[in-house]
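Please open the model in a viewer and keep the selection tool at hand.

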Amino acid sequence: MDLELKGKNVIITGGSKGIGKRIALAFAKEGANVAICARGMEALRDVERELVKNNVKAYSHSCDIADPAALGSFLSAAKDALGSVDVLVHNASALAVGPSLEDWKSSIDVDLMGAVHACNTVIPWMTEAGGGSIVFVSSTSGLESDPMPDFGYTAAKAALIAHAKKLAVLHAPQGIRANAIAPGSIEFPGGVWANIKETQPELYEMARTGIPSGRLGTPEEVADVAVFLASPRANWVTGECISVDGAQHRGMR
């Protein structure tokens with residue numbers, strides 16, 4: 001299937017590893033130009049080198065998503081580098097899964113307000129261009145309760161889903177779609193679940209056996225859904241949240 005993304009311009013926050021990296025590479029393989037940001041410049045440069053192998057334009061820059069001014073500077077530079085913005089994917093997360101007020105603040109500042117600030121900047125550009133697509137990377141934690149003490153993370157991820165719905169309704173007349181995806185437990189080298197597998201095997205097995213499919217997901221499986229949802233082939237899908245979890249959240253109890 002041709003996703004009709006060739007020549008489109010995509011911005012991804014949190015694009016240096018894991019799900020964000022795979023989303024970036026999946027867009028590039030479809031012929032889209034990609035701009036990415038994250039904190040670590042070295043990892044960003046590595047991804048940028050992979051992106052350009054697909055004969056597309058790529059731009060990367062280190063950015064603290066919690067700093068609205070820094071985020072705004074990255075978005076403006078990315079627009080200048082690519083020429084326009086057709087797609088925004090907000091994948092950045094503080095991964096603050098503790099119960100403290102500091103964890104709450106980190107989740108709100110990065111996971112939620114990062115999306116809000118990015119949309120406030122990008123939506124006028126999309127409106128002027130005649131349309132665009134926004135995808136928020138939420139989590140199954142935003143759909144169902146679980147026994148983890150990740151209060152701020154859960155609340156921020158749930159808010160992202162609600163925000164996507166609101167944006168979809170408000171900006172449909174401008175030709176702008178907004179959706180969310182909700183990945184479950186996703187495993188990749190260097191990621192949270194790879195670390196848990198090594199250091200807390202009992203917790204890892206509890207998660208794995210709680211997934212009806214019997215395994216954790218991969219970043220590539222999440223990326224495939226994100227890229228399709230952002231593409232013109234999903235043109236009549238907006239205001240939705242798509243779970244990408246092997247039925248994991250259906251089994252939560």
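## A guided tour of the chain

**The whole chain.** Begin with the entire protein chain, shown as a cartoon; please note that this is a predicted model. Its secondary structure comprises eight helices and seven strands. Along the principal axes, the C-alpha atoms occupy a box of roughly 50 × 40 × 35 Å. The radius of gyration is 17 Å, which agrees with the value near 18 Å that a compact globule of 253 residues would have. Of the contacts between residues at least 6 apart in sequence, 70% join residues at least 24 apart.

**The surface.** Now display the accessible surface. The area comes to about 11700 Å², and carbon and sulfur atoms account for 54% of that total. Next, colour the charged residues: there are 23 positive and 28 negative charges, and their mean positions lie 4 Å apart.

**The interior.** Hide the surface and turn to the buried residues, which make up 50% of the 253 residues in the chain. Select Ile 11, Phe 74, Leu 75, Leu 88, Ile 134 and Phe 136; these have the most contacts inside the largest nonpolar core, a set of 35 residues. Which elements each supply at least two residues of this core? They are strand S2 (33-38), helix H3 (68-82), helix H4 (101-129), strand S5 (132-137), helix H5 (151-171) and strand S6 (176-183). Helix H4 gives the most, with 10 residues.

Return to the largest core and centre the view on Leu 75, one of its residues with the most contacts. Leaving aside residues up to four places away in sequence, Leu 75 touches Ile 11, Ala 118, Thr 121, Val 122 and Trp 125.

**Two backbone stops.** Select Asn 55, in the loop between helix H2 (41-52) and strand S3 (58-62). Its phi is near 60°, a positive value in a residue other than glycine. Is Asn 55 buried or exposed? Asn 55 counts as exposed because its relative accessibility is 75%, and the cut-off for exposed is over 50%.

Finally, select Ala 247, in the segment after strand S7 (241-244). Here too the residue is other than glycine and phi is positive, with a value near 70°. Ala 247 has a relative accessible area of 32% and is therefore partly exposed.

Technical notes: Residues numbered from 1 in each chain as written. Predicted model: local features only at pLDDT ≥ 70, side-chain atom pairs only at ≥ 80, totals over all residues. Heavy atoms only, no water. Helix = DSSP H or I, 4+ residues; strand = E, 2+ residues; numbered from the N terminus. Buried < 20%, exposed > 50% of the residue type's maximum accessible area, 1.4 Å probe, protein only. Rg over C-alpha atoms; globule rule 2.2 N^0.38 Å. Contact = heavy atoms within 4.5 Å. Areas by Shrake-Rupley, 256 points an atom, 1.4 Å probe, with all protein chains shown as cover. Lys, Arg positive; Asp, Glu negative; His and termini not counted. Charge placed at Lys NZ, Arg CZ, Asp CG, Glu CD. Core = buried A, V, L, I, M, F, W, Y, C linked by side-chain atoms within 4.5 Å.
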